Amino acid sequence: NSFRDAILGKLVGDAGEHDLSWLDFSAVADISADGRALLFSEHGEGAGRTSQTYLRRVEDPQPVRLGEGTAAALSPDGKWALAINDDKTTKLFLYPTGPGESKTLGVPLLNQVFWAGWFSDGRRLLLLGKEAGRGARLYTVGLSGGSPRAFTPEGVSIRSNTISPDGKWVAASNSGTILLYPVDGGTPKPVPGAGGEDAPLRWSAGGDSLFVKEGNMLPVRIVLLNLATGKRVPWRTFMPADDAGVLGLHRIAITPDGSAYAYSYYRLLSDLYLIEGVK
């Protein structure tokens, strides 16, 4: 059996969708707002004993390795990449995407961090994590340090940057529905028109809609869901042209204006052997 993780997508300037993978197990993390840079991880044999964080720019012939860890998110200005320690303990890596020194950010209180992203002000992070003996929920923490602050109940799920453009709301899945959680605390708002298998991916540039993944069946359909009316507008369908052995799509990154995107998919291929003359 040969199990691979690969990336397909379309960055700014690309004529169409094409392979954006690098080594043998490439997984999408984030895409810059201008669609010119893709942050991803390598987890397979090519990466070695630990996961590695890479950055692919449209102007560069090949990706650049930034450092160890599972890639998480690009800063709003594109100058920093955030990565999570492989064992999901509360150590975050901050890698400069240009000249500069790497930094390590410890997160007190939490004993695991599953996902991390940036607020648009560039001074705060959004974390999906958990404290000892508790379930996963969303936290905010400043880059200057301090303890993270929880603002959702336990049981929420988030896999991409679903922070509203004004930084006041986060769209997350909880108990089979999508809710908008106020970052400053308060009662969450349900999203009209959201289905039980929908997963939020990103807010649109205008802030009036969410890019939403419909269920887990292949091919994967993405719609724009209007937050006021619940109207669903088909946007794009994701499926590799060569679908042999494709088991599913698991990470999707989209620019706010929808001009560029990338997605990861699993593929399992097998060789069948015939042994003759067995005694």
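Predicted model: local features only at pLDDT ≥ 70, side-chain atom pairs only at ≥ 80, totals over all residues.

Colleague: Which residues of the largest nonpolar core touch the most other members?

Modeller: The general idea is that in soluble globular proteins, nonpolar side chains tend to be buried together. Here the largest nonpolar core has 16 residues, and Leu82, Leu92, Leu125 and Leu127 touch the most other members. Two or more residues come from each of β7, β8 (80-84), β9 (91-96), β11, β12 (124-130) and β13 (137-142). With three residues, β11 gives the most to this core.

Colleague: What is Leu82 in contact with, leaving aside its neighbours within four places in sequence?

Modeller: The contacts of Leu82 include Leu39, Leu92, Phe93, Leu94, Trp118 and Leu125. Also among them are Thr70, Ala71, Ala72 and Ala73.

Colleague: How many cavities of 30 Å³ or more does the structure hold?

Modeller: The structure holds one. The space in the largest cavity is about 100 Å³. It is lined by 15 residues, of which Ala29, Asp30, Ser160, Asn161 and Ala253 are the closest to its centre.

Colleague: Which strand supplies the largest share of that lining, and what classes of residue does the lining have?

Modeller: The largest share, four residues, comes from β22. At least two residues of the lining are supplied by each of β3 (26-31), β7 (70-74), β18 (198-203) and β22 (246-254). By class, nine lining residues are nonpolar, two are polar and four are charged.

Colleague: What is the phi of Leu109, and what is the phi of Ser175?

Modeller: Neither residue is a glycine, yet Leu109 has a positive phi of about 85° and Ser175 has a positive phi of about 55°. Leu109 is in the loop between β10 (103-106) and β11 (112-118), whereas Ser175 is in the loop between β15 (169-174) and β16 (177-182).

Colleague: Is each of these two residues buried, partly exposed or exposed?

Modeller: Leu109 has a relative accessible area of 47%, so this residue is partly exposed. Ser175, at 74% relative accessibility, counts as exposed because the cut-off is over 50%.

Key: Residues numbered from 1 in each chain as written. Heavy atoms only, no water. 1 Å grid on protein atoms, 1.4 Å probe; cavity = no way out; pocket = protein on both sides within 12 Å on 5 of 7 lines; lining within 4 Å. Points joined across faces, edges and corners; volume = space filled by probe spheres on them. Nonpolar A, V, L, I, M, F, W, Y, C, P; charged D, E, K, R; others polar. Buried < 20%, exposed > 50% of the residue type's maximum accessible area, 1.4 Å probe, protein only. Core = buried A, V, L, I, M, F, W, Y, C linked by side-chain atoms within 4.5 Å. Contact = heavy atoms within 4.5 Å.
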